[in-house]
Amino acid sequence: MKKISYLLFSLSLLSASISNAQTKKTIAVPAKAFPAEVARPKLVVGLVVDQMRWDYLYRFYNRYTNGGFKRLVNEGFSVENTFIPYTPTYTACGHTCIYTGSVPAVHGIIGNDWYDPETKKNVYCTDDSTVTTVGSTPSPEGNMSPKNMLTNTITDELRLATNFKGKVIGISLKDRGSILPAGHAANAAYWYQGSTGNWITSTYYMKEVPSWIADYNKLKLANKFYAKNWETLYPANTYVNSTADEKAYEGKSSTFPHQLTQNIDKNFDAIRGTPYGNTITLDLAKLAILSEDLGKDNITDFLAVSCSSTDYVGHAYGPNSVEAEDTYLRLDKDIEAFFNYLDKQVGKGNYTVFLTADHGAAHVPGFMKENNLPAGVVSDRDIASKLNTFLNDKFKANNIVLKSMNNQIIFDHDKIDKVSVSFDVIKAASVEFLRHLNGFQNAVDISKISQATLQEIQKKMITNGYYPRRSGDIYYVLEPNWFNGSSTGTTHGNWNPYDSHIPLVFMGWGIKPGATNTMHYMTDIAPTLAALLHIQTPNGTVGEPVTEITNK
């Protein structure tokens, strides 16, 4: 009975609905207005500050202008806990990781250079014997391209998404800082030729440089800055965030003023080790924006810029030097001028910029010891020599270690095939020997890393940095603030936070002001840009978008 009642009730509702529909007039609902096109910025600018430790954002904060780093931090969104997820932490790997969203285990750039077991030769990350110099006299400095990078980049994906209408240009004093970020399909990548003072490229990109590059090269701007010498930007006694001006553990004469006039028309390469190298890099970036009409239409362009002088200065003098502080104070003013130029030329709110670093740096061991902090150095040559002596004594295996490189031991596999003991036995003995060397924390057979007694973060970073056809056989981990180098200056390359904790700040179109302390990784930069631009992520991406930055 209940079922029949329910059926009759349903039929009555249906009948009433039909009756109402027949008596009412049809009301037209206006169609919703959708955006005519996908919203994107006119220009994306990537700023990589070579060797910029994360803490530099705040260490010199009170001395920065309102328009440079302070503007970034306060107008932009800072991803405070951004880390490099692989080791070794070197320049080529860092630039590649930023723009591919991937790790060396996938993109293949495992260091600035590596040993190729097939050719039995060292390989530089951007070497390409099939191309030649453009923009200057032929030299090995111009035989460069991105061919050794096995994946594509966010800049490549932008080219694909715009059917190659969006322009992509890379600029850096270093070839690897320009070529790898610009990607495989870039319109151009320009880098500095220290032997002539010219900005050059290769036949991979073009047959001749555009007139604006040729005209810029004629100026030989390095001479202009050499004539100024390098004085501190502010009175020397105000550099309270640094140690004394002259320290024996700094790699060069460290007394201000640094005399540069002797380099005029003689040593154009010396500009790299001064803050003026950043100035001419950002000046060329401005000229590229103007001359190539970047950001002038509704098709997104991409300018990838790497400021390399911070790395040269950092290596020579260390993080606690007056030179490092002065370099960042000067870079801050250069960045302010660059942002002002973008505001004027492209329009504030029309561009998106991100600033990050390819790696950090350790404190100079001499500085650490001076302050009762542990630190030290090892030597690749010494490591290889000691291990060869040990293996020869133990197994009668003569010089089977080819080299120690990139925190890895590389064996001569041809010679090992002739040794009476197995390679596994040789590696096990080598690992045990290395663990007892001064400054060594651990060593591991990379083929058995899943079984290694390492911290998970170390295990993950070593795995992410390992590409079988280019990597070594054993990886070693040094004690904190120990590195491969000399008694003066500093370097980078290890898993520790001073090398792997980097700044990451987004600003401009599509970005809300703010900050997050959530853990993110260098590999997240490319997918974040892909999400912002509504384009595909690079084809080797392992990272995830930083969703906190968006203002939507």
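Leaving aside neighbours within four places in sequence, Thr196 is in contact with Ser136, Thr137, Lys220 and Phe268, where contact means heavy atoms within 4.5 Å. The model is a predicted one, in which local features need pLDDT of at least 70 and side-chain atom pairs count only at pLDDT 80 or more, while totals for chains, interfaces and linings use all residues. Residues are numbered from 1 along each chain as its sequence is written, and side-chain values use heavy atoms, with hydrogens and water left out.

- Thr196 belongs to the loop between strand 7 (188–193) and strand 8 (198–202), with helices (H or I, at least four residues) and strands (E, at least two) taken as DSSP runs numbered from the N terminus.
- Its relative accessibility of 18% places Thr196 among the buried residues, given that buried means under 20% relative accessible area, exposed over 50% and partly exposed in between (1.4 Å probe, protein chains only).
- The side chain of Thr196 makes a polar contact with the side chain of Gln193 at 2.5 Å, and the side chain of Thr196 also reaches the backbone nitrogen of Asn198 at 3.2 Å.
- A polar contact is a pair of N or O atoms within 3.5 Å; within protein, one must be able to donate a hydrogen and the other to accept it, and residues adjacent in sequence count only if both atoms are side-chain atoms.

**Aromatic pairs and charges over rings**

- Searching the whole structure gives 17 aromatic pairs, a pair being rings of Phe, Tyr and Trp (its six-membered ring) with centres within 6.5 Å, and planes under 30 degrees apart counting as stacked, over 60 as edge-to-face and the rest as tilted.
- The Phe225 and Tyr276 rings have centres 4.9 Å apart and planes at 20°, so this pair is stacked.
- Because Phe225 lies in helix 9 (residues 221–226) and Tyr276 in helix 10 (residues 276–291), the pair ties together parts that are 51 residues apart in sequence.
- Both partners are buried, Phe225 with a relative accessible area of 5% and Tyr276 with one of 6%.
- Elsewhere, ring pairs link Tyr99, Phe302, Phe354 and Phe506 into a cluster.
- The charged end of Arg63 sits over the ring of Tyr239, 4.7 Å from its centre, and that of Lys460 sits over the ring of Tyr521, 5.2 Å from its centre; the criterion is NZ of Lys or CZ of Arg within 6 Å of the ring centre and within 35 degrees of the ring normal.

**Surroundings of Glu231**

- Glu231 is placed in the loop between helix 9 and helix 10, and its relative accessibility of 42% makes Glu231 partly exposed.
- Not counting residues up to four places away in sequence, Glu231 touches Phe256, Pro257, Tyr276, Asp326 and Arg330.

**Helix 12**

- Helix 12 (residues 322–347) has 26 residues and reaches 36 Å from its first C-alpha to its last, close to the 38 Å expected at 1.5 Å a residue, where the expected span is 1.5 Å times one less than the number of residues.
- Helix 12 is mostly covered, with 20 of its 26 residues buried, and is followed by Gly349, whose phi is positive, near 95°.

**The chain as a whole**

- The chain has 19 helices and 19 strands, and its C-alpha trace spans about 100 × 65 × 50 Å along the principal axes.
- Of the 552 residues, 58% count as buried.
- Among contacts between residues at least 6 apart in sequence, 74% join residues at least 24 apart.
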